[in-house]
Amino acid sequence: MTTFHSTRSTTDSLTSKQAIRKGIADDGGLFVSDSLGDEHVDIASLAGKSYQQIAQDVLAKLLPDFTAEELADCIREAYGDQWSDPAITPLKPIGDDYILELFNGPTSAFKDVALQILPRFMARTTPAGGDEDEQIMILTATSGDTGKAALAGFADAPGTAITVFYPEGKVSQVQQLQMTTQTGDNVNVCAVKGNFDDAQSAVKRIFGDKELAGELAGTSHTVLSSANSINVGRLVPQVVYYFAAYAQLLEKQVINVGDEVEFTVPTGNFGDILAGYYAKLLGLPVKHLVVASDKNNVLFDFLTSGTYNRQRPFYQTISPSMDILVSSNLERMLYYFSEKDTRLISMLMNDLSQWGAFEAPEPMLKSIRSLFGCGWADEDQVRDSIRDCWERNHYVIDPHTACGYFVMQQMPRDPLTPRVLLSTASPYKFPRVVNESLGLDATGTDFECMDVLAESTGTAAPAALRGLETADVRFGDVVEIDAMEEYVRSAAEK
Ligand SMILES: *Cc1c(COP(=O)(O)O)cnc(C)c1O
């Protein structure tokens, strides 16, 4: 039986359903399973399968305590016609390389892949203590995209409520409207005075607050859980599209079964790229995983120097979803590369919280580097990349994808290894920056920018984004970091 425990201790022994419901371990660690990779997904049978069929194969390996029928129901509900492309994550050629579009879901960002299915997983878990009235309150700090994708996934999902905090003034007009216009009786959206890391740290503190937990359980039958990418149920759906990319390369006869592929991944919290590592452990022939960062290049420094140091300036960039100093999911990667050494991981994480830095042992760093490449792009390079990709390929990319595009061009090319760039957001989520980069008019509102972009490039804005201009704003609260806990308390009592 596959069980999950913390990256920092082996005392827990939870099923995947329990791990999904709980979100994060009591000691602050992330849930991992030691049997990951014992069984492989059958690569030879991938070609010709639908996204949904691949999801069934992959998720069965990762979440073995869900029945085949439960998984099939979750998959059907999550990957249906709320996606604008029947392939869910279509693979498109750009020059000699490929782009895997992860943004065709309801909120136009890759987080939909995971957040459309997470609420469906949660609906199939049951309260540990047998409290039938128990409701799960999803609590999330967002740098922009997670918030909306989580709201869209959890809105009116039975047995759940959701509270989203975002840094005031640090998300785009479109991103803010996406959140503040969210419908649903169980949703709460609140701006916070601070940056994303401040908000995320506060959310982590709220999760760790035993007194608050007892109070919420007593007064409103509420347990807090996370939809951030630290939740196992958030991470594993992302493994699927690496296999779906491979299946599409097989179908296009770009590769034969067993050939290796390189993936370049715009990275923030390290969830998207970690899923690629999980895919490799499940038998996908992955040659390299390239970490692409923006100017907040803490991961680049870690992979090149071995020291992770979060004590550095925080830059607010034009790729806000990658503006992160603490990449939470890195902890899972370190766990697997340390030969599952929970003592080492708790030491490193303790160093990080006490001193703001930790140092990876040399042998571990060496094996990490043999799989993971890295690079980063500054804001000028991001803008140039948006223009370059349009001029060369007539394909418009968003600023996050552009970080990956820039980094991919920097990497040595092996002509025998196809390269896939994961595209994490629709350019229409960031129309102003895209227009500026392409030399188009960017003086109007985000919506005017969308129209200019559509007209000039012959592409179309996703209807849900264009329609935000006239949607009703439901949420206008702004609170100090210190007041977030009180906001959660009152949201739980609603
Ligand atoms: C969340 C996000 C990322 C970063 O993904 P991680 O899983 O946090 O590494 C990159 N681009 C966009 C558009 C995102 O929303």
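**Cavity lining.** At least two residues each come from helix H6 (145-154), strand E9 (261-266) and helix H12 (271-281), where helices (H or I, at least four residues) and strands (E, at least two) are DSSP runs numbered from the N terminus. A cavity here is a set of points on a 1 Å grid over the protein atoms alone where a 1.4 Å probe fits but cannot get out, and lining residues have an atom within 4 Å of a point. The largest cavity is lined by 28 residues, and those closest to its centre are Phe110, Lys111, Gly268, Asn269 and Ser321. By class I noted eleven nonpolar, 13 polar and four charged residues in this lining, with Ala, Val, Leu, Ile, Met, Phe, Trp, Tyr, Cys and Pro counted as nonpolar, Asp, Glu, Lys and Arg as charged, and the others, Gly among them, as polar.

**Basis.** The model is predicted, so I kept in mind that local features need pLDDT of at least 70 and side-chain atom pairs pLDDT 80 or more, while totals for chains, interfaces and linings use all residues. Residues are numbered from 1 along each chain as its sequence is written, and side-chain values use heavy atoms, with hydrogens and water left out.

**Volumes.** The largest cavity has a volume of about 320 Å³, a volume being the space filled by probe spheres set on grid points joined across faces, edges and corners. The second largest cavity, at about 60 Å³, is lined by Ser143, Pro167, Lys170, Phe196, Phe314, Gln316, Pro320 and Asp323.

**Glycine 283.** Where does glycine 283 sit? I placed glycine 283 in the loop between H12 and strand E10 (286-293). Glycine 283 has a relative accessible area of 19% and is therefore buried (under 20%; exposed is over 50%, partly exposed in between, with a 1.4 Å probe and protein chains only). Leaving out residues up to four places away in sequence, glycine 283 touches His40 and Ile43, contact meaning heavy atoms within 4.5 Å.

How values were computed. 1 Å grid on protein atoms, 1.4 Å probe; cavity = no way out; pocket = protein on both sides within 12 Å on 5 of 7 lines; lining within 4 Å.
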